[in-house]
Amino acid sequence: MTDTTSSPPTCDVDGTCYCPLTGVISTLSRKYAMQLVSIIGAHDSLRFAEIEDHLSSASTSTISKRLDEFEEAGLVSRTQYNEIPPRVEYALTDEGDEVRMRLDPLLEWATTEN
């Protein structure tokens, strides 16, 4: 839902407006969100079971929920193949790959700080 009020966005003391980050932070702050972006981004595409193997501490329902949220946000594409047994693969979209690339410096910083 779009905000139709005409009030200016709230900005920091120096005038920097962080409002555009609200949606990004909301999406990426959810449990296992950043890990999923990194895991999927490290591969061309992954099946659900492969994602579960890489993220064994997460429940199936949490992974499924994050993937649905990412698909809705345009970060992940879901491709279903008409095969028996059914096959579904997940891959980062261009926007999802950009998010992953922007997370890389944060990951690098986190690993050097510990």
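**Close-up views of a predicted model**

**View 1. How much of the chain is tucked away.** Out of 114 residues in this predicted protein model, 27% come out as buried (under 20% relative accessible area with a 1.4 Å probe, protein chains only; exposed is over 50%, partly exposed in between). Numbering runs from 1 along each chain as its sequence is written. Local features need pLDDT of at least 70, side-chain atom pairs count only at pLDDT 80 or more, totals for chains, interfaces and linings use all residues, and side-chain values use heavy atoms, leaving out hydrogens and water.

**View 2. The fold, end to end.** The pattern along the sequence reads α-α-β-α-α-β-β-α, so five helices and three strands in total (DSSP runs numbered from the N terminus: helices are H or I with at least four residues, strands E with at least two).

**View 3. Tyr32 and its phi.** Tyr32 sits in the loop joining helix 1 (21–28) and helix 2 (33–41). Its phi is positive, about 70°, even though Tyr32 isn't a glycine. Tyr32 is also buried, at 15% relative accessible area.

**View 4. A cis bond at Pro85.** The Ile84 to Pro85 peptide bond is cis, omega near 0°. Pro85 belongs to the loop between strand 2 (76–81) and strand 3 (87–92). For background, most peptide bonds are trans.
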